[in-house]
Amino acid sequence: MPLLELFWSFFQVGLFSFGGGMAALPLIKNQVVDLHHWLTLTEFADLITIAEMTPGPIAINSATFVGTRIAGLEGALVATLGCILPSCIIVSFFAWLYFKYKDLKIIKGVLSGLRPAVVALIASAGLTILILAIWGEKGFSLDITSVNFVSVILFASAVYILRRWRPNPIAVMFGSGVIGGAIYLLM
Amino acid sequence: MQIKKHIYFKLFISTFYLSSFTFGGGFVIIPLMKKKFVDELKWIDEEEMLNLTAIAQSSPGAVAVNASMLLGYRVAGLPGALVTVLGTVLPPLIILSVVSLFYEAFQENMIINAVLKGMRAGVAAVIADVVISLGGKIVKEKEILSVLVMVFAFVAVFFLGVNVMYIILVCGLIGGLRMWISEKRKKAVM
């Protein structure tokens with residue numbers, strides 16, 4: 001019953017991964033490598049690289065990758081469904097609560113406390129990516145030779161363009177990819 | 001009926017498009033969604049976008065899927081939520097199915113690697129842009145507690161690596177308490 005096992009494994013991943021993205025990784029490893037031996041550790045490392053190189057949430061990328069390898073397209077569909085089903089149920093319930101009670105004073109208060117926190121979370125995610133772009137995998141360092149100046153210039157000009165002309169952000173992301181890519185290949 | 005179909009279609013196309021370009025983790029989709037649904041289509045306002053993000057973050061699962069689902073629900077009820085989930089899940093499903101078949105060739109491709117490396121700076125810039133807009137608004141409100149919450153939440157998650165769940169719980173509690181105290185004061189004055 002590989003399909004049922006796939007479904008149940010990724011259902012658990014979907015149910016217990018709070019905080020998204022990297023927080024889901026240990027859960028996925030536990031299910032896919034330790035419990036079911038669907039992937040070796042090296043294959044799992046490859047999976048992370050691929051998931052980072054392609055768009056979309058890492059849990060869904062993993063579900064599709066593992067599902068395809070175990071049971072083809074059916075496997076991919078079943079694993080992905082298992083992965084999003086818990087969120088679908090829980091978020092629907094929260095959505096219902098929110099739209100029913102959002103005008104209550106106390107709920108308004110709670111949400112007013114959450115909004116600045118959400119801005120902080122977005123800032124933290126952005127800074128992590130910026131550090132990766134400027135210093136690479138090794139992380140922040142004061143050593144000036146470890147700075148990737150191409151990234152610094154791309155980042156600064158992209159922020160300027162975004163603030164000044166408010167273009168489509170996807171165009172800016174791709175522009176940065178194409179220009180940066182061309183420079184890296186030439187160097 | 002015609003109008004409804006049009007909304008479902010627009011929801012599907014928008015989330016499909018955004019999800020196809022969400023490189024670098026769940027939070028990247030939030031700035032993109034804000035641009036599309038708040039600034040361009042004006043279907044919801046900025047405050048509501050942040051509320052929905054907070055709920056998406058507090059629920060288990062991928063932030064991108066949760067946020068899309070909430071947005072679909074807000075715009076067109078439960079059918080809307082189904083449409084946006086489908087739109088968000090399909091791009092990674094299609095792309096990963098293809099990639100997992102040719103993954104060795106894909107990983108060793110120098111051009112793809114260079115473009116993706118260049119793209120990181122752009123992704124960071126898109127996030128920085130939204131943080132400047134949203135953070136600036138919170139600072140301008142001149143509500144000291146909100147600014148403090150923002151600063152402490154940032155330090156906790158970025159430098160101390162505190163689990164996001166606790167940050168959400170504590171900040172929600174602070175907001176609720178602030179409202180409760182100000183309501184109590186109002187009553188005392190009356």
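Colleague: What is the mean pLDDT of chain B?
Modeller: This is a predicted model, in which local features need pLDDT of at least 70, side-chain atom pairs count only at pLDDT 80 or more, and totals for chains, interfaces and linings use all residues; side-chain values use heavy atoms, with hydrogens and water left out. Residues are numbered from 1 along each chain as its sequence is written, while chains are lettered from A and ligands numbered from 1 in the order in which they are written. The score pLDDT is the predictor's confidence in each residue, from 0 to 100, and 96% of the residues of chain B reach 70 or more. The mean for chain B is 88.

Colleague: Where in chain B is confidence lowest?
Modeller: Helices are DSSP runs of H or I of at least four residues, strands are runs of E of at least two, and both are numbered from the N terminus. In chain B, confidence is highest in helix α7 (residues 144-159), at a mean of 93. At the other end, with a mean of 72, is helix α5 (residues 103-107) of chain B.

Colleague: Which element of chain A has the highest mean pLDDT?
Modeller: Chain A averages a pLDDT of 88, and 97% of its residues score at least 70. Among its elements, α3(A) has the lowest mean, 78. The highest mean, 95, belongs to helix α6 (residues 149-165) of chain A.

Colleague: How many helices are in chain A?
Modeller: Chain A has zero strands. Read along the sequence, its pattern is α-α-α-α-α-α-α. The number of helices in chain A is seven.

Colleague: What box do the C-alpha atoms of chain B fill?
Modeller: Chain B has eight helices and zero strands. For chain A, the box taken along the principal axes is roughly 55 × 50 × 30 Å. For chain B, along its own principal axes, the box is roughly 70 × 50 × 25 Å.

Colleague: Buried residues make up what percentage of chain B?
Modeller: Buried means under 20% relative accessible area, exposed over 50%, and partly exposed in between (1.4 Å probe, protein chains only). In chain A, buried residues make up 49% of the 187 residues. In chain B, with 190 residues, the figure is 54%.

Colleague: How far apart are the centres of the positive and negative side chains in chain B?
Modeller: Lys and Arg count as positive and Asp and Glu as negative, with His and the chain ends not counted. A charge is placed at NZ of Lys, CZ of Arg, CG of Asp or CD of Glu. In chain A, the mean positions of the 11 positive and 9 negative charges are 23 Å apart. In chain B, with 18 positive and 12 negative side chains, the two centres are separated by 5 Å.

Colleague: Which residues is L111(A) in contact with, leaving aside its neighbours within four places in sequence?
Modeller: L111(A) is found in helix α5 (residues 105-135) of chain A, and it counts as buried because its relative accessibility is 7%. Contact means heavy atoms within 4.5 Å. By that test, L111(A) touches Y98(A) and N51(B).

Colleague: What phi does H37(A) have?
Modeller: Most residues other than glycine have a negative phi. H37(A) lies in the loop between α2 (25-35) and α3 (41-53) of chain A, and at 61% relative accessibility it is exposed. Although H37(A) is not a glycine, its phi is positive, at about 55 degrees.

Colleague: Is K42(B) buried or exposed?
Modeller: K42(B) sits in the loop between α2 (29-40) and α3 (46-58) of chain B. K42(B) is not a glycine, yet has a positive phi of about 55 degrees. With a relative accessible area of 61%, K42(B) is exposed.

Colleague: What separates the C-alpha atoms of I13(B) and F154(B)?
Modeller: I13(B) is in helix α1 (residues 2-20) of chain B and is partly exposed, with a relative accessible area of 41%. Along the chain, I13(B) and F154(B) are 141 residues apart. Their C-alpha atoms are separated by 33 Å.
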